[in-house]
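Please consult the sequence and the structure shown here while reading.

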Amino acid sequence: MQKDAIFMKKIMNLSKHFGLVILCLLTFGISAIFSLNSDGLSLLALKSAVSSDPSEFLSSWSELDSSPCHWNGITCDHNQKVTSISLSKKNLTGYIPSEIGALSSLSILSLSYNNFSKPIPIHLFNATSLHSLDLSNNAFTGFLPPQITSLANLNHLDVSANSLNGSLPEDLTDLTRLTGTLNLSYNRFSGGVPASYGEFPVTLSLDLRHNNLTGKIPSVGSLLNQGPTAFSGNPFLCGFPLDTPCAEPEAQKPSVLPNLENPNDGFVEKGKSGNGSVAVSLISGVSVVIGVVFVSVWVLRKKWKLDEGKMGKEKLEKAPEGNEEGQKGKYVVLDERFVMELEDLLRASAYVVGKSRSGIVYKVVAGGGSGRAAVVAVRRLSEGDATWRFKEFETEVEAIGKVQHPNVVRLRAYYYASDEKLLVTDFIRNGSLHNALHGGLGNSLPPLSWAARLKIAQDTALGLMHIHECSPRKYVHGNIKSSKVLLDDELQAYISGFGLTRLVSGSSKPINSSTKKLSTSQIIVSPKNSTSSCMMYAAPEARVPGSKFTQKSDIYSFGIVLLEILTGRLPDGGSEDDGKGLESLVRKVFRQERPLSEIIDPALLNEVHAKKQVVAAFHIALNCTELDPELRPRMRTVSDNLDRIKLQ
């Protein structure tokens, strides 16, 4: 009996020791799991939600780690907080767990080109640091949750190519930082396009293609700046900019179609092509190949073929006798480094950024999401009264393309057809000098400092000097004004629009094949060429109908731009000039020895140290705007004088 008791006591002691071992093992395992930080635990929830990972991309995601920062597809900040999840094109099958919303520092989530499904979880939008969300090319279903508006920092949203349905959320415009991409295409959204979408900034690339949207596209705000490619593939959408008119009651139908100005411009970049032609209509060749076309009904009905002849150095093949070369349409690249393929351009989006007598300018975005997109500007030329044969147009445009300078916008390619002419140039991001000085659509610049203004004036002078001196043919710009001076992110100035006066001048007669050159004698002033405000940039001798633009008239125009930079006033001078313009007002102040503060831009008044430089710049501007052309200096002299200012 005593032996049995001793035996049982030993058994109980062994049990206690065994329990301690088990407890230690459990404690060690739990502590190992909980050594992983909270962001790592949220990511493990995503791994658990993935049912298929054929490439085992997530195999590095281990609960034994203390941090997820070295896991595949994960980026962290210096505090070991997850900032980016990039799982694009990994053939993953699964769904998004709600735990992802707990990643408080997550700024980029890219799950594109996988097979994620189920509805998008509402709790995902608790990750309020997100600025880029790409869920495209998956199998997500259900509505786009209205809670998405809590992502106040969101700049890029792409949920295209899923099976999302319901109406388009009207409150997306509450995302005030959504200025990059909003791509809702290739889903099953229904209902109308919300009028609130007109509140989106013009800089937003909007894509609503291939849904089940219905009704009239609201003619409000930035929706008026979208091209047809933003809305195509919705058979029951109608109205501008689509070529599908909306049905109206008979009594309200206008008897005559409105005379729409051809606000068409597309985009293009370099694409190699064969010798054949693509049988596409003008709306395809311009709206699709160019990305956008705003044209009247008769233009939309015309059919043209876009010939994908070889571009670059090769010359276009001679058309059969009796046919006009370029009749089918020719796209020619002038710069070998312009490497974007035509296929990329076919998928590009575009929107209006400028409109003038010479045509409509579009910003065209081709390529992938933010950071990978290529951007160009395309101008759809107004025809005016000029009728260009292809060879003559080719000669003119190639002459423009040879004018290359760091302060002149570079022409990269062009498209010619009998009824369509397009110029493809670099896109300069920061808008025009006019907007920087006077405010305007998309202008976000603070008031320009004196140093910035002087540098812009010097850059512009260098660009115009190059135009004047780069060829013995004495090229002339013919339309220098502040809206033609573009600024990049570093406020470097670029002269745009060189050659446009020749190409679209209403009374300009195309040069014949024996002349084939740009020259001062070929740019003729027409009454159609200017409004009263634009006339203030023109030299007095160039304001007479039928007169010729010269390099001296360019210098006068530059002088007006310089006065605009110094005063912050428009060229008409305001109410104090008695209708004589800014130049007359400034001369009057100097002649009467009145205080400079009466005419200088108030934003410059605090920069007292620059007073001598400002006065010197005023004198240069007044020299440029002498009434007698012979008294105006050459552009090289103007440029040298501006460069000397910084030495004073």
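The text below describes the disulfides and then the accessibility of individual cysteines.

The model is a predicted one. How many disulfides does a search of the whole structure find? The search returns 2 disulfides. When the bonded cysteines of the protein are numbered in sequence order, the pairing reads 1-2, 3-4.

| Disulfide | S to S | Torsion about the S-S bond | Handedness |
|---|---|---|---|
| Cys69 to Cys76 | 2.2 Å | about -100° | left-handed |
| Cys238 to Cys246 | 2.0 Å | about 100° | right-handed |

Cys69 and Cys76 are joined with an S to S value of 2.2 Å, which lies within the 2.5 Å that defines a disulfide. Because the torsion about their S-S bond is about -100°, this disulfide is left-handed. Cys69 has a relative accessible area of 22% and is therefore partly exposed.

Cys238 is joined to Cys246, with an S to S value of 2.0 Å. Here the torsion about the S-S bond is about 100°, so the disulfide is right-handed. Is Cys238 buried or exposed? With a relative accessible area of 12%, Cys238 is buried, because buried means under 20%.

Notes:
Residues numbered from 1 in each chain as written. Predicted model: local features only at pLDDT ≥ 70, side-chain atom pairs only at ≥ 80, totals over all residues. Heavy atoms only, no water. Buried < 20%, exposed > 50% of the residue type's maximum accessible area, 1.4 Å probe, protein only.
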